[in-house]
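Thanks for coming, everyone. Please take a look at the structure on the screen, and I will walk you through it.

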Amino acid sequence: APANHAISNLVQKLALDTGETTHLSRYSNGRLIHGKIVNSQSSGVRVHLDPNEELPLHATASGIAFLSVCHAEILDQTFARLLTRYTDTTPTDRDSVMLLANQAADLGFAVGDGTYEADAIGIAAPVFNVTGEACGSLAVSTPRSRLNDNKKAHIIDLVRRAAAEISWHQGAPKTKQTAPGKAP
C-alpha cells in the first residue's frame, strides 16, 4: 500500500536526519512490538535493536509514549503484571510509570533516560490510527554520550513531526495529531 511505503520512508528519513537508530513500534495483544527498525549508519557507538524483542511498556520511551495516550484498560492490563527492572532507573510501580506517562501526555513525547539500557536514551512520540486510537510509537534511540541539549531538542522536534505525519498517513483524525512546531 502507498501509505506503508510513505511510512517506511518517514522512518528512514528520521534515521538519516538524526543519525541515530530509529524505530516504529505497534501495539498488539498487550505488547509493543517492532514494526520497522532503521539502524543508524553513523560510525562508532550506536543503539542496536533486536527486531524480535518486545519493547517493555514501562521501561522504554516508546512504551511510555504509548501509555500516555492509551485506554485505561490497557493501563490496567500493563500494571496487572510484575514490571521488570532493567536498569537502576527503570520505573517498576504504577505511580512511577504514570508520572512519566502523564509528563509525556503533557509534552506530546516521552524520554526514556537509561530506563531500559543504562547508556541509551530514547525519545518517542505516539502514533495514532484511523479510529484515533494510539496504535504504537515512533522513537529514536541514541547513546547518552552523543546527546547534548541541542541534539535532544532537534530529535524531539523531528520525532514529533514524523509521528504526526505517520498518524496522518494512517488516517488519524486531525485532533489526534500532535501540532507540529508546538513548543514543549
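Start at Leu158, which lies in helix 5, residues 149-169. Helices here are DSSP runs of H or I with at least four residues, strands are runs of E with at least two, and both are numbered from the N terminus. Leu158 has 17% relative accessibility, so Leu158 counts as buried. Buried means under 20% relative accessible area, exposed means over 50%, and partly exposed is in between, with a 1.4 Å probe and protein chains only. Now find Leu138. Leu158 and Leu138 are 20 residues apart in sequence, and their C-alpha atoms are 10 Å apart in space.

A quick word on the ground rules. This is a predicted model, where local features need pLDDT of at least 70, side-chain atom pairs count only at pLDDT 80 or more, and totals for chains, interfaces and linings use all residues. Residues are numbered from 1 along each chain as its sequence is written, and side-chain values use heavy atoms, with hydrogens and water left out.

Next, the core. A nonpolar core is a set of buried Ala, Val, Leu, Ile, Met, Phe, Trp, Tyr and Cys residues joined through side-chain atoms within 4.5 Å. Which residues have the most contacts inside the largest one? They are Phe66 and Leu67, in a core of 24 residues. At least two residues of this core come from each of helix 2, helix 3, helix 4, strand 4 and strand 5 (134-143). Helix 2 supplies the largest share, five residues.

A pair of rings is described by the distance of the centres and the angle of the planes. Rings of Phe, Tyr and Trp (its six-membered ring) pair if their centres lie within 6.5 Å; planes under 30 degrees apart count as stacked, over 60 as edge-to-face, and the rest as tilted. The structure has two such pairs. One is Tyr27 with Phe66, stacked, at 4.5 Å centre to centre and 20 degrees between the planes. This pair links distant parts of the chain: Tyr27 is in strand 1 (residues 21-28), Phe66 is in helix 2 (residues 61-67), and they sit 39 residues apart. Tyr27 and Phe66 are both buried.

Then there is Tyr86 with Tyr116. Their ring centres are 4.8 Å apart and their planes are at 75 degrees, so this pair is edge-to-face. Tyr86 is in the loop between helix 3 (72-79) and helix 4 (94-107), and Tyr116 is in the loop between strand 3 (110-113) and strand 4 (120-128), so the pair ties together parts that are 30 residues apart in sequence. Tyr86 is partly exposed, at 38% relative accessibility.

On a 1 Å grid over the protein atoms alone, a cavity is a set of points where a 1.4 Å probe fits but cannot get out; a pocket is an open set with protein on both sides within 12 Å along at least five of seven lines; lining residues have an atom within 4 Å of a point. Grid points are joined across faces, edges and corners, and a volume is the space filled by probe spheres set on the points.

How many cavities of 30 Å³ or more are there? Two. Strand 4 gives the most, with three residues.

The second largest cavity holds about 30 Å³ of space. Tyr116 is in its lining too, along with His34, Leu49, Asp50, Glu53, Glu54 and Leu55.

Now the largest pocket, with about 210 Å³ of space. Its lining has 14 residues, and Glu54, Pro56, Leu57, His58 and Arg81 lie nearest its centre.

On to the cysteines. A disulfide is a pair of cysteine sulfur atoms within 2.5 Å. The count here is zero. Cys70 is in no disulfide, and its nearest cysteine sulfur, that of Cys135, is 12 Å away. Cys70 is buried, at 15% relative accessibility. Cys135 is buried as well, at 18%.

Last stop, the backbone. Most residues other than glycine have a negative phi. Asn29 has a positive one, near 50 degrees. Asn29 lies in the loop between strand 1 and strand 2 (31-38). At 73% relative accessibility, Asn29 counts as exposed.
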